Amino acid sequence: MVITNNVVRGERILRVILGVMLILFGFFLAGFWKPLSIVVGGLLVLTAIVGY
């Protein structure tokens, strides 16, 4: 099985930065936006690490 990376280095760095910002920003929000921000930020960081 061939493993391919769909993400270039610059996009990975951008995803990590945006993901961390959303996670941190999520702690200051209230209501519906708090869990949404944390989940989306976590997914961005996870996809940057995995390279998908």
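1. Rings of Phe, Tyr and Trp (its six-membered ring) count as a pair if their centres lie within 6.5 Å; planes under 30 degrees apart are stacked, those over 60 edge-to-face, and the rest tilted. By this rule the structure, a predicted model, holds one aromatic pair. The ring centres of phenylalanine 32 and tryptophan 33 are 5.3 Å apart and their planes stand at 70°, so the pair is edge-to-face. Both phenylalanine 32 and tryptophan 33 are exposed (buried means under 20% relative accessible area, exposed over 50%, partly exposed in between, with a 1.4 Å probe and protein chains only).

2. On conventions: residues are numbered from 1 along each chain as its sequence is written, and side-chain values use heavy atoms, with hydrogens and water left out. Because the model is predicted, local features need pLDDT of at least 70 and side-chain atom pairs count only at pLDDT 80 or more, while totals for chains, interfaces and linings use all residues.

3. Helix α1 covers residues 9–26 (helices, H or I with at least four residues, and strands, E with at least two, are DSSP runs numbered from the N terminus). Its 18 residues reach 26 Å from the first C-alpha to the last, close to the 26 Å expected at 1.5 Å a residue; the expected span is 1.5 Å times one less than the number of residues. The buried residues of α1 are Arg15, Gly19 and Gly26. Seen down the axis of α1, these fall within an arc of 35°, so they line one face of the helix; the arc is that of the directions from the helix axis to the C-beta atoms. Arg9, Met21 and Leu24 are exposed on the face of α1 turned away from its buried side.

4. One salt bridge is found in a search of the whole structure (a side-chain nitrogen of Lys or Arg within 4 Å of a carboxyl oxygen of Asp or Glu). Glutamate 11 forms a salt bridge with arginine 15, with the closest N and O atoms 2.9 Å apart. The two residues are four apart in helix α1, so about one helical turn separates them. Glutamate 11 is partly exposed, at 32% relative accessibility, whereas Arg15 is among the buried residues of α1.

5. Helix α2 has 18 residues and reaches 25 Å from its first C-alpha to its last, close to the expected 26 Å. Ser37, Gly41, Val45 and Ala48 are buried in α2. Down the axis of α2, the buried residues fall within an arc of 60°, so they line one face of the helix.

6. Two C-alpha distances link residues of separate sequence positions. Serine 37, in helix α2, is buried at 8% relative accessible area, and its C-alpha is 5.5 Å from that of leucine 22, 15 residues away along the chain. Phenylalanine 25, in helix α1, is partly exposed at 49%; phenylalanine 25 and isoleucine 38 are 13 residues apart in sequence and 8.1 Å apart, C-alpha to C-alpha.

7. Val39, Leu43, Leu46, Ile49, Val50 and Tyr52 form a nonpolar surface patch with about 670 Å² of accessible area together. Patches are made of residues with over 30% relative accessible area and no salt bridge, like charges being joined within 9 Å and nonpolar side chains (Val, Leu, Ile, Met, Phe, Trp, Tyr) within 5 Å. Accessible areas come from the Shrake-Rupley method with a 1.4 Å probe; for residues, only the protein chains shown count as cover. Tyrosine 52 lies in the segment after α2 (33–50) and counts as exposed, at 65% relative accessibility.
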